[in-house]
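Try each task before you read its solution.

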There are 2 protein chains.
Amino acid sequence: MTNPELQNKAINTLRFLSADGVQKANSGHPGLPMGAAAMAFTIWTRHLRHNPRNPKWMGRDRFILSGGHGSMLLYSLLHLTGYDLSLEQLQNFRQWGSLTPGHPEYGWTPGVELTTGPLGAGLSSGVGMAIAAAHLAAVFNKPGHELLDSYIYAIVTDGDLMEGVASEAASLAGHLSLGRLIYLYDDNKISIDGSTDLAFTEDRAKRFEAYGWHIQHVADGNDVEAIDAAIKVAKADPRPSLILCRTIIGFGSPNRQGTQKAHGEPLGDDELNAAKDNLGWPKEPRFLIPEDVQVFYRKAVERGRELEADWKMRREAYARLFPELGAEFNRRLIMGKLPEGWEATIPTFPVDPKGMATRAASGKVINAIAAKLPELLGGSADLAPSNNTKIDGLPAFQKDSHAGRNFHFGVREHAMGSILNGMAVYGGLIPYGATFLVFADYMRAAVRLAALSHYPSIFIFTHDSIGLGEDGPTHQPVEHLTSLRLIPNLVVLRPADANETAQAWKVAISRRDGPTVLALTRQNLPTLESPNLVEKGAYVLKDFGKPEIILMASGSEVSLILDAAQKLAEEGKGVRVVSFPSWELFEKQDEAYRESVLPKSIQKRLAVEAGTSLGWERYAKSTISIDRFGASAPAKVIFEKLGFTVENVIAKAKEL
Amino acid sequence: MTNPELQNKAINTLRFLSADGVQKANSGHPGLPMGAAAMAFTIWTRHLRHNPRNPKWMGRDRFILSGGHGSMLLYSLLHLTGYDLSLEQLQNFRQWGSLTPGHPEYGWTPGVELTTGPLGAGLSSGVGMAIAAAHLAAVFNKPGHELLDSYIYAIVTDGDLMEGVASEAASLAGHLSLGRLIYLYDDNKISIDGSTDLAFTEDRAKRFEAYGWHIQHVADGNDVEAIDAAIKVAKADPRPSLILCRTIIGFGSPNRQGTQKAHGEPLGDDELNAAKDNLGWPKEPRFLIPEDVQVFYRKAVERGRELEADWKMRREAYARLFPELGAEFNRRLIMGKLPEGWEATIPTFPVDPKGMATRAASGKVINAIAAKLPELLGGSADLAPSNNTKIDGLPAFQKDSHAGRNFHFGVREHAMGSILNGMAVYGGLIPYGATFLVFADYMRAAVRLAALSHYPSIFIFTHDSIGLGEDGPTHQPVEHLTSLRLIPNLVVLRPADANETAQAWKVAISRRDGPTVLALTRQNLPTLESPNLVEKGAYVLKDFGKPEIILMASGSEVSLILDAAQKLAEEGKGVRVVSFPSWELFEKQDEAYRESVLPKSIQKRLAVEAGTSLGWERYAKSTISIDRFGASAPAKVIFEKLGFTVENVIAKAKEL
């Protein structure tokens, strides 16, 4: 046990580094760090296994500050325990280019495990991490050789618990009995509007019990021993654990603690000084780190080095005993490389006028590559038969079958997105998740976070247009393709047939620095003869004579323009047919390539897509598109009524 | 009590009208109608107060089929009880132009109270309806004159309960103790992937108890008396009620009942016939309605007429006793009209270079118009101090203060959106709800449903750009403005100053056939001298000389281009400054007006907006925009770094 005086100083160091950072930035949230400092202290100095000098050490536990607005608490911990984050960075909190942005950003600051701030995101992606940990443990661990035994710790807040995505994820975590999840709830009874009594009076413990969680209460969130004891009990329990710690927001601030005033604004110099007086802390210098405190926290460096060295030794022993698994461990978890020759498993499909739905093709691709890519795993938000996501012959990931690679996420789209993100960032996995394209709206916040944080999640969105037919406008995406294209760093692919689908999967699997969306049809599409050029984003599918008109389309509309082009050619027109599966990939090509596909000299250009027209102005002069909601009817009828016919394409092309 | 034999026939009529409809369409979901027919029967024939000949009768109860995929059940009920929905419409289920689309659509089919299908939507919007009912009752009811005493009934499903939005809404409903919510849970243990044991094993009753709901169980979901008794108990309980009814999906279908095969596809002729045999139903004709069943259900017409006539008498008595309230009741609930002269209360703001944030202006507008518009009410998803949504001097809507007009939605954006929709559609209210623009992503599904269903919800999204500064990219919207503009029938307004904000509110309040988004700044903006032309979508704010260049911008960038234009003018350039608060409103203007603002003869056009560039191609040749994520730093610094400076606007303008 730490000397109590030093321990108290160490906790106050967290409080005041955080409050000083917020004060210097004149922006930020002092309340959470001051209230939850003892919780963070207990996790970080008594439980968390990590190596500050190698933040990517695969054997580490994970820590998530789900209330990302308390970022200074995390930055303080990272600095103090010896991560590559200088005191100067803490002093540059929330400044342009600093490593200490307003909310923690994965990939930007060493040691930050997840981007958090949008509430519920950390809590729910942590469930994904716990799934990843459980799966990898099931795949790799051998009795006596438990190389993978991470715990996922988080500090979660009122706001997290109120968000729907948290409910979804917590319910699934309970169902799956993810025992390595240990969440400390910063139960401070304050949110931005004031007391949680204003809107949040549910029985939180009972609710999480209903989900199947193990519940504990810590009456005083500053009581390190009580928190420590609760974490120990949580570790031993097979269920996910929620430890409700009663805390005081802004603890120490004499005039603001326990109120919303401590939450989201700097204390101000006077109150900050008063808080320091109150807790027996020197008012100056700001950003004070007492030497003994520094020494104490920096032990993490040595401890981390030892932990990793020990783990490395155990890994070497493991590799000797289990050479094949050891090599696979090395490939997936250490090198993070795809297996040699995996691309050869991607199927090709023969030209076939009847063809198949691209969702069906996607299912075939998944099944064709799954054996060679054991890291590929995923499922659907209760639409597996419609999304074609199942890997045949493999079990589901369930409570008692963690090696399973098929996931039943339930009707929980947002949590699915968030969980995929947690799985993707954990390492060693290529997770995918599926729903209908229209329900991308439910999980948009998770898709955005993946893009912002460069998580390589794969989102499969089937039933990608009015082509889904009778289910009607509530289920027919119209604006969704382009609304996804708007998200920076997201690659959206809408393949035109089975072969483009296979190539789209190749793009998605290869893309390890950001998320990919595959938009797939419900309805059958002819399988076309086409070059292998999906990765270019757009390409010349066919030239009929010397082109004077360009017809371009994505997905299900490509075969339509091909038919129209054929007829136009029969009338003596020169027509180019461009298949345009991905705007983002096309924009990444050099100008010469782009000019070769869409020469400036040909301005008669028509874009055909069963979605909103906005944005096609970039490439085309005219569009056949859908700037309204869809309708309930058989797909063929809707396409016809909304102008997606060979005749209309020809007419519009002639108008140009 | 109904004759048991007739009752059984009446229930089977629901089952087989539904299954026949699905079979004829060769598309749809027979399982829910067959399994939940007795639940629906009990609500509709023993409890629901409604008038089929006046579906808009204000005194009615509301019925929501939250599992909208079971739409044929609702259509069958509407037809049988005498709504203006012919048998022919039922036979045209899911066909182009029919009144019986795949999922129920509000405003399309008489008697459909809410658009449902996207799961969780009905359940959560029902909470909004219950809020509306409670509020209006508190405002209008007098002892002995309870004109407003509606119950909100719903049939909710596994999928609904799994969705996060349902958790958010249910938690708030429990907090607010909305006793008139009576939800019957179609607990059939089947979802699309198979048994709910695959992903949904939480203790649902306990979870809803934790939210503060009153829980009952009905062991046999075909037991009308048990359901009836439970509803009676629910009505007497002051809490919202969940009645868990154990049902069998596809009840009657010998080979499919109780399995996911009954869920989402037609039974097929053979199995349909077998089901009819099984339940003693004639195989032919399809769409059979036995005459005694027809007579039985049609009693609803007479009963509805009586109910409304009685209510009308009571309303007249009320109007005599309380003439002012009676007039107000008439205006708000019967005529659905805004009060005379309300527009005169909209404030104007003096020209002021310092100005104010448009969120602050919005707060002032709300407070200026609130007294004259008692139907205006709303709040924030726990960001009231930041969103400036509070109506000063009025209480919050809470469990014991239903007359309150300030809402604490908690950190529950999606439920807030859904609840606003329910409030908006209930009648007599103009609800608004607020969060940060970036969190529009959390509630996008609700915004879309509002647009699709013409709900006049008002969404206030503040902190509308990188201008929010230090909170960083997780909180900075970039793609959000345009992603909202993509949604058909949504009007998005981004006002440039306090006066445009006031005019934007006028547009939003006046717009009663669809939702409106107000995108507002965190930071101060100069208050400009400007004509009152926001409703035109875009207008000439100022011409400097004879224009050769057009600078256009929305929101916070308008004052920037104004400054740049001033400098360009000083250099002798002719510059037009166009303020462009709303694309949708501009597109609604006639061509003459559009040409007058953006003459074809002036093609040197630069658009400046702190968001993604996509779509501005429609109006401009070049943009200053943000096709990346933002950054954490003071707002001024980010604007500068990303090119939002007078110098850069001038440089880009000169490049044209």
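Predicted model: local features only at pLDDT ≥ 70, side-chain atom pairs only at ≥ 80, totals over all residues.

Residues are numbered from 1 along each chain as its sequence is written, chains are lettered from A and ligands numbered from 1 in the order in which they are written, and side-chain values use heavy atoms, with hydrogens and water left out.

**Exercise 1.** Find how many helices and strands chain A has, and judge how compact chain A is.

Step 1: Chain A has 23 helices and 20 strands (DSSP runs numbered from the N terminus: H or I of at least four residues for helices, E of at least two for strands).
Step 2: The radius of gyration, taken over C-alpha atoms, is 27 Å for chain A, close to the 26 Å of the globule rule for 656 residues, so chain A is as compact as a globular protein of that length. The rule itself is 2.2 Å times the number of residues to the power 0.38.

**Exercise 2.** Work out which rotation superposes chain A on chain B.

Step 1: A rotation of 180° with 0.0 Å of shift along its axis does this, with RMSD 0.0 Å (least squares on the C-alpha atoms of residues with pLDDT of at least 70 in both copies).
Step 2: That is the relation of a two-fold axis.
Step 3: In chain A, the C-alpha nearest the axis belongs to A:Gly164, 1.8 Å from it.

**Exercise 3.** Describe the loop position and the phi angle of A:His463.

Step 1: A:His463 is found between strand E12 (458–462) and helix H17 (480–485) of chain A, in the loop.
Step 2: Its phi is positive, about 60°, although A:His463 is not a glycine.

**Exercise 4.** Say how the copies meet.

Step 1: Of the interface residues of chain A, 100% are also interface residues in chain B, so the copies meet through the same surface (contact means heavy atoms within 4.5 Å).
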